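Student: Please take a close look at one part of this structure for me. I would like a single connected explanation, with the terms spelled out as they come up.

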Amino acid sequence: MDKNFAARRRRDLIIAAVLAALAALAPLFIKDVYVQNILILTLMYAALSQSWNILSGYCGQISLGHALYFGIGAYTTELLFTKFGVLPWFGMLAGGVIAAVIAMGLGYPFFRLRGHYFVIATIVIAEIGLLLFQNWEWAGAAMGITIPVRGDSWLKFQFMRSKLPYFYFALALCSLAWFVTWWLEDSKWGFWWRAVKDNPEAAESLGVVVFNSKMGAAAVSAFLVAVGGAFYAQFLAYIDPESVMGFQFSLLMALPAVLGGIGTLWGPVLGAAILIPMTELTRSYIGGSGRGVDLIVYGTLIVLISLALPQGLVSLFSRTKAKRATR
Amino acid sequence: MTALLETRGVWQRFGGLVANSDVSISVGRGEIVGLIGPNGAGKSTLFNLIAGVLPPTQGSIWFDGEDVTHMPAAERCQRGVGRTFQVVKSFETMTVIDNVIVGALVRNTVMREARRKAHEVLEFTGLAARADVLASDLVPAEKRRLEVARALATEPKLLLLDEVLTGLTPTEAQTGVALVRKVRDAGITVLMVEHVMEIVMPLVDRAIVLDLGKVLVEGKPTEVVRDPKVISAYLGDRHAVGA
């Protein structure tokens, strides 16, 4: 039994390594910049959704306000860079730490709320964050910040001629988020989180400090999402509140995980691999006046998946889960 | 030797309702004590006060020589109080072994050790064959057993059992009784709330009868069942006079 368990974990790790290696080779065959762009966004959303999944999937605290941490990562990086000349690499870390601290500060009052009330609180807080940045003159207010571009540089993490460096960074971030999840899954924290999600009262009786578990999950989740935000800001080379802190980011982090399988190791990656290319393609091909058609398409998809496979697409691959879904 | 568990003048009021009034009981090391009484006697309330779900309105609770009156449930578990729930609270999306690992993590920080401990407990409670099944797929009797297994994995000094034998078939109940004996033989003190008198009485060393929130009688099971006050509480005064 233990052998099966260890073998399954090893198998997951090997599959992930193979997939990452294949993805790393993809640019050799895919030269089209438009397609590369889609790949970058897919990897980024896979990473974000994987990070969202730690708090909302494993620990069961559904957040629809993660755009706040995404924006904080983006703004911290760019404010430090444009105002103080701090390199984006340090800004990225600083953004992650600030987001984690804010997530815990917000968790302190809000983790006392349960279910829908918690979800509502996360939405409201993210909207407040958005409004604050829209009115914060020093941070560029609604005009945003343009990142001064002075040629390709790994030091300043900016590239004009090729998108490949961004691609590899997004791949690394996605791999990191996956690996952190994989590692946490078989740790004390991973077990505590799942217990808290399923039944907080029973968890408490078994020595789980429910409040601290939620705080831990929030910090890890927010940190990784903020790193993603920092990346996105560098990738765009221009940020304003709406383009890094808008509500759509909160949704685009939640949906891949929900589609692929919430609270599962592979769900977010699988969900993002389907959802993001589809969003981008419907947007550009139906495009124009069809703004919103992409939303209709994947709204429909989510409804169908929730009805047919409530455990998400990964349940197609896992026997126990599939059996449960059909019960 | 001091008692393992002691409640001293415990009161619990919910608004105008007095669920426990001036309850002082003690449980010695190595005992199996039954907490019985008719519906609404305040058994579950007292049980939750001991487990740390809420602090009493008045009075104090002592465990292993320490005042735990205001200690939260998780911390009491770390001190050695394990409990089950009357309405089972399994972690439904987790497998049986994973459910038990959560408990085992209290005293084993290394995953490998927690896992080994969990397997040991499943073996002890007769659930080993079901280790990889989802908790939601267990039958009710197995879920009760899982509650016990999970609590045992925390390596408690005192195990609180809340109606683990209620609602089982006679055969299932007998297996349950055997398990409780086994737990005591492993050196764990047991305090059990039960409804079914004929199953509990042969099992416990001592019975405490609650009625209307107060301790009515306590003593050896054979004495307790003959006590007119107990019969009257359960069946009404007419029967008590007859006895």
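Tutor: A nonpolar core is a set of buried Ala, Val, Leu, Ile, Met, Phe, Trp, Tyr and Cys residues joined through C-beta atoms within 7 Å. A residue is buried if 20 or more other C-beta atoms, placed from the backbone, lie within 10 Å of its own, exposed if 12 or fewer, and partly exposed in between. The model is predicted: local features need pLDDT of at least 70 and side-chain atom pairs count only at pLDDT 80 or more, while totals for chains, interfaces and linings use all residues. Residues are numbered from 1 along each chain as its sequence is written, and chains are lettered from A and ligands numbered from 1 in the order in which they are written.

The largest nonpolar core holds 165 residues, and M44(A), A170(A), A222(A), A226(A) and V100(B) touch the most other members. Its main contributor is helix α9 (residues 210-236) of chain A, with 15 residues; helices (H or I, at least four residues) and strands (E, at least two) are DSSP runs, numbered from the N terminus. Beyond its neighbours within four places in sequence, A170(A) is in contact (C-beta atoms within 7 Å) with I40(A), L43(A), M44(A), A47(A) and F231(A).

The part to look at closely is a sheet in chain B. Chain B has 10 helices and 10 strands. Its radius of gyration (taken over C-alpha atoms) is 18 Å, close to the 18 Å from the globule rule (2.2 Å times the number of residues to the power 0.38) for 243 residues, so chain B is as compact as a globular protein of that length. Of those 243 residues, 46% are buried. The C-alpha trace of chain B spans about 60 × 40 × 35 Å along its principal axes.

Six strands of chain B make an open sheet in the order β6-β7-β8-β3-β9-β10, with mixed pairing; two strands pair if DSSP finds at least two bridges between them. At the edges are β6 (81-83) and β10 (214-219) of chain B, each pairing on one side only. From one strand to the next the twist averages 20°, where axes are lines fitted to C-alpha atoms and angles run from 0 to 180 degrees between N-to-C directions.

Three bridges join β6(B) in the parallel sense to strand β7 (residues 158-162) of chain B, and V81(B) stands opposite L158(B).

Now turn to β9 (206-211) of chain B. Five of the six residues of β9(B) are buried, so this strand is mostly covered. Strand β3 (residues 32-36) of chain B pairs with β9(B) in the parallel sense over four bridges, with V33(B) opposite R206(B). With β10(B), β9(B) runs antiparallel, joined by five bridges; here V209(B) stands opposite V217(B). β9(B) and β10(B) form a hairpin with two residues between them, and L212(B) in the turn has a positive phi of about 50°. Helix α9 (residues 228-235) of chain B lies across β9(B) and β10(B), at about 130° to β10(B), with the helix axis fitted over the stretch in contact.

Conventions
Two residues are in contact if their C-beta atoms, placed from the backbone, lie within 7 Å.
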